[in-house]
Amino acid sequence: MQDQEGVLAWVSERLAVAMRQAEDLILRDYIVSAASQINAGGGSNGDNPTNLGISDFSLVATTLDTNNAYKFMSGIEGMDRFGTGPVRSAYFMLSSTELQTDFDGLVGSGFKSQWDYPTNTSALPSEYGSVFNIRVLTSSEAPVARGASKNGNDVYYNTVVGKQAITHINQDGYSMNLIYRDPYYSGMLAQNATLAVKFAQAQAITQDTAIRNLLSTRLSSGVGP
Amino acid sequence: MAEYSKIAKGHFTSTGFAKAINLPFQPDYVEFINYTVANSAVASQNIARGFWDVSMGQGFAVIEGYNATPALIFDTVTTNGISSFSAGISLQYGAVVQHGGSPVSDFSISKASPAVVTTVGNHGLQTGDVIVFQNLAETSTTGMNQIAGIPFMITRTAATTFTINWDTSGSNYTAFNTATSTGNIGSYKKVLFPNIYFPGEIVVSAVTTGTTTTISTASQHNYVVGQEVGFRIPGVWGTTQLNELPNNTIPGSPIYGYVISVTDAQNFVVNINSTGFTAFNVNQPFVSAVGLTFPQVIAAGDVNTGGVQISSGSPLYPSPQFSFATLNDSSTINGPAIQGAFVNNTRQGFIIGAGAGTVLTTGSLVGAAGNVIYWRAFLSDLAVN
């Protein structure tokens, strides 16, 4: 791969990102299909599942604690800074960005915005905040089943994971390859190069008691894709 | 250049309903020939060939079939023709079936075990299809909202009736009918590609306790003998002793069971001695439907990974041979799927619908049940439009 070749370098970079995103999406879809579910019931919208209530976070964190799941992050000690407070050691939860307004509505009930951490050094760029033993990451790629609830509303898969819950298994000694074949090897007329990725991995839930999909709908309306 | 174009071919026997073909790409051109029609006596409305290009639009097709004369003519299909698909989380449902719709204008669910769904109009479903109900409130305090949101495999009994594997005869269920319910907003919709989510987490519809435990499921369980499974039974459903955790005997160690026999697509037996366990309670109150977590069984491995010694004479012997499933369509384009492990979640390909032509108005694109269809699909890397 030649850095001097601008187009090639740019395309390689984009493809590498796409490769990692594809890996994430495959694992995401696998978790959606195979992990146990808890329907949120602590919300107030009367659906099944309901919107997220504080008690739902408590329930799922307690479930993982009871199942001896390992937490991802150690806690953040409190500091003498206005408006901040300590953060518990925590599991990760991946949620949709469409739920951010709902999280904002829980500030004051137990949801702590990432901005209110004593220090942000351990916060991930996608981290929106924390509740009890859960640190919430948001992404536009988080799974949503459109119109799937009891009342026909969108169902959000908020995946809460312990450290030992998931992995991927390499096959043939590698997990993925970024491949470049120059034009001479890519076609009879040597006009096009080939840049590709290939995967040789299987996703696996290694400890199914350490992962839960907390299913919820949304309280706020008018926010969406 | 066209050196990266993709071509695939194959054949299938029609069921008379739309057929989805999984491919490692989304084709932009599809053609097929109905061998059975070509090899039969000429008959009006028989469609012998079909063609589709993505530029025609999704659900269209050009067909060649026999008119009333009968003579071979060209015609077009404008709905339920050929289309490509790429399945994802947001594309999993078909059209909503509800009051005033077409071809089903209403449906009702009986208080029975199994519950019987009766439609006004041909439902077009076949055994093995998976549907999800929503808004099943007959009044504000009665109905069947307890089962709204559960994926159900249907068993077709007639063109206007099918059953779902759930006992709705309990006192907390009230017969539901879209025509008489408040607001007429009850509905169901088909899960278009349920095999994307197999084996997945499956909703348990009944538990029969005993020296071994028989499990019934709302949709296809997709398990084979030797499958290791875990349970998540919330307290209101009764049989919590099946749950993976907490394990009171060996704290911290999940309780798993092994499938020792498979009765059919929705029933299997595990080696857990559940004698004395609390009875399973499917008769949930109507008001509990808000925030109700369903009882689930999940795949957790198999005897090859569970550390169980297998020898001749064991009910788990021989170890499972994971191959193309016969209980449902879980095979993948990439080869045999391993139940309990990852089934390819990125489905794409094309669908040959059961639409009719504008002239051949009673013909069916996908042919009649038993017709053998040979198809070819293309994805061109160069399109000159």
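**Before you start**

The model is predicted: local features need pLDDT of at least 70, side-chain atom pairs count only at pLDDT 80 or more, and totals for chains, interfaces and linings use all residues. Residues are numbered from 1 along each chain as its sequence is written, while chains are lettered from A and ligands numbered from 1 in the order in which they are written.

For the complex, the predictor gives an ipTM of 0.79 and a pTM of 0.79. Chain B has an average of 86, and 86% of its residues score at least 70. Now select residues 322-345 of chain B, where the pLDDT is below 50. Beyond near neighbours in sequence, this stretch still has 61 contacts in the model. Two residues are in contact here if their C-beta atoms, placed from the backbone, lie within 7 Å.

**Stop 1: chain A**

Helices (H or I, at least four residues) and strands (E, at least two) are DSSP runs, numbered from the N terminus. The C-alpha trace of chain A spans about 65 × 45 × 40 Å along its principal axes.

Of the 225 residues in chain A, 37% are buried. A residue is buried if 20 or more other C-beta atoms lie within 10 Å of its own, exposed if 12 or fewer, and partly exposed in between, with C-beta atoms placed from the backbone. Among contacts in chain A between residues at least 6 apart in sequence, 68% join residues at least 24 apart.

Next, zoom in on S58(A), in helix α2 (residues 54-66) of chain A. S58(A) counts as partly exposed because it has 16 C-beta neighbours inside 10 Å.

**Stop 2: chain B as a whole**

Switch to chain B, which has one helix and 22 strands. Buried residues make up 44% of its 385 residues. Of the contacts in chain B with a separation of 6 or more, 70% are between residues 24 or more positions apart.

Give each domain its own colour: domain 1 (6-86 + 347-379), domain 2 (90-192) and domain 3 (200-302). These bounds come from an automatic or database domain assignment. Taken over C-alpha atoms, the centres of domain 1 and domain 2 of chain B are 30 Å apart.

**Stop 3: the sheet from β1 to β2**

Select the eight strands of chain B that form an open sheet in the order β1-β22-β3-β4-β5-β6-β21-β2, with antiparallel pairing. Two strands pair if DSSP finds at least two bridges between them. At the edges stand β1 (6-13) and β2 (19-22) of chain B, each with a single partner strand, so one side of each is left without a neighbour in the sheet. On average, neighbouring strands of this sheet are turned by 20° against each other, direction ignored. The axes behind such angles are lines fitted to C-alpha atoms, for helices over the stretch in contact, and angles run from 0 to 180 degrees between N-to-C directions.

- β5 (residues 60-66) and β6 (residues 72-86) of chain B run antiparallel and are joined by seven bridges. A hairpin links β5(B) to β6(B) through five residues, and Y66(B) has L72(B) as its bridge partner in β6(B).
- β6(B) also pairs with β21 (residues 348-352) of chain B, in the antiparallel sense, over five bridges. Select S83(B) and its bridge partner in β21(B), I351(B).
- β3 (residues 29-34) and β22 (residues 372-379) of chain B are antiparallel, with six bridges between them. Here N34(B) has I373(B) as its bridge partner.

**Stop 4: the sheet from β7 to β13**

Another open sheet of eight strands in chain B has the order β7-β14-β10-β11-β12-β9-β8-β13, again with antiparallel pairing. Its edge strands are β7 (93-98) and β13 (176-177) of chain B, each pairing on one side only. For a close look, pick F107(B) and its bridge partner in β9(B), T119(B).

**Stop 5: where the chains meet**

Finally, show both chains: 36 residues of chain B are in contact with 39 residues of chain A. On the chain B side, β10 (130-134), β17 (227-232) and β20 (296-302) are the elements that give two or more residues. β20(B) gives the most, with four residues.

Definitions and conventions: pLDDT = per-residue confidence, 0-100.
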